[in-house]
Amino acid sequence: LSTAFSNNLLDATKAFSLTLTEPAQVDGLPPSALALAASRAAEEGEEGATAESGPWRLGLDMPSYLPAMKFLRDRSVREALYRAFVTRAGEVNAPLIR
């Protein structure tokens with residue numbers, strides 16, 4: 001039971017991504033977080049992704065999520081990440097909880 005729950009949570013964490021294309025959306029992120037987000041975008045096929053000009057891809061794993069929640073100035077992006085984080089694997093794990 002706990003293994004299935006944890007695996008579902010891990011799968012949902014890995015599956016989520018949020019691609020940002022406007023520099024204002026990533027305003028406040030430190031250079032290391034911008035570089036990580038740009039490299040993730042490039043890995044997913046976004047040609048020419050750079051830390052300076054984007055696009056940037058954020059996820060729910062801690063190296064991506066924590067800096068975004070701490071430093072992003074765009075409240076709507078933080079809200080989207082938060083809502084995705086607290087609801088990840090909710091539908092899949094609901095039967096396991098009951």
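Accessible areas here come from the Shrake-Rupley method with a 1.4 Å probe, and for residues only the protein chains shown count as cover. On that basis the chain exposes about 6100 Å², and carbon and sulfur atoms supply 55% of this area. Please keep in mind that this is a predicted model, in which local features need pLDDT of at least 70 and side-chain atom pairs count only at pLDDT 80 or more, while totals for chains, interfaces and linings use all residues. Residues are numbered from 1 along each chain as its sequence is written, and side-chain values use heavy atoms, with hydrogens and water left out.

Now for the overall layout. The chain has five helices and two strands; these are DSSP runs, numbered from the N terminus, with helices (H or I) of at least four residues and strands (E) of at least two. Along the principal axes, the C-alpha atoms fill a box of roughly 45 × 25 × 15 Å.

Next, what lies inside? Of the 98 residues in the chain, 32% are buried, where buried means under 20% relative accessible area, exposed means over 50%, and partly exposed is in between (1.4 Å probe, protein chains only). In soluble globular proteins, nonpolar side chains tend to be buried together. A nonpolar core is a set of buried Ala, Val, Leu, Ile, Met, Phe, Trp, Tyr and Cys residues joined through side-chain atoms within 4.5 Å. The largest such core here has 17 residues, and Val26, Leu29, Trp56, Leu58, Leu72 and Leu81 have the most contacts inside it. At least two residues of this core come from each of helix H2 (31–43), strand S2 (56–58), H3 and helix H4 (75–87).

Serine 6 sits in helix H1 (residues 2–15) and counts as partly exposed because its relative accessibility is 42%. Serine 64, in helix H3 (residues 62–71), counts as buried because its value is 6%. Contact means heavy atoms within 4.5 Å, and, leaving aside neighbours within four places in sequence, serine 64 is in contact with Leu36, Arg40, Leu58 and Gly59.

Finally, turn to the charged side chains. A salt bridge is a side-chain nitrogen of Lys or Arg within 4 Å of a carboxyl oxygen of Asp or Glu, and by this rule there are five salt bridges. One of them joins aspartate 27 and arginine 73 (3.2 Å, N to O). Aspartate 27 lies in the loop between strand S1 (18–20) and H2, and arginine 73 in the loop between H3 and H4, so the pair ties together parts that are 46 residues apart in sequence. Another joins arginine 57 and glutamate 46 (3.9 Å, N to O). Arginine 57 is in strand S2 and glutamate 46 in the loop between H2 and S2, 11 residues apart. Arginine 57 counts as buried at 15% relative accessibility, whereas glutamate 46 is partly exposed at 29%. Glu44 also joins Glu46 and Arg57 in a network of salt bridges.
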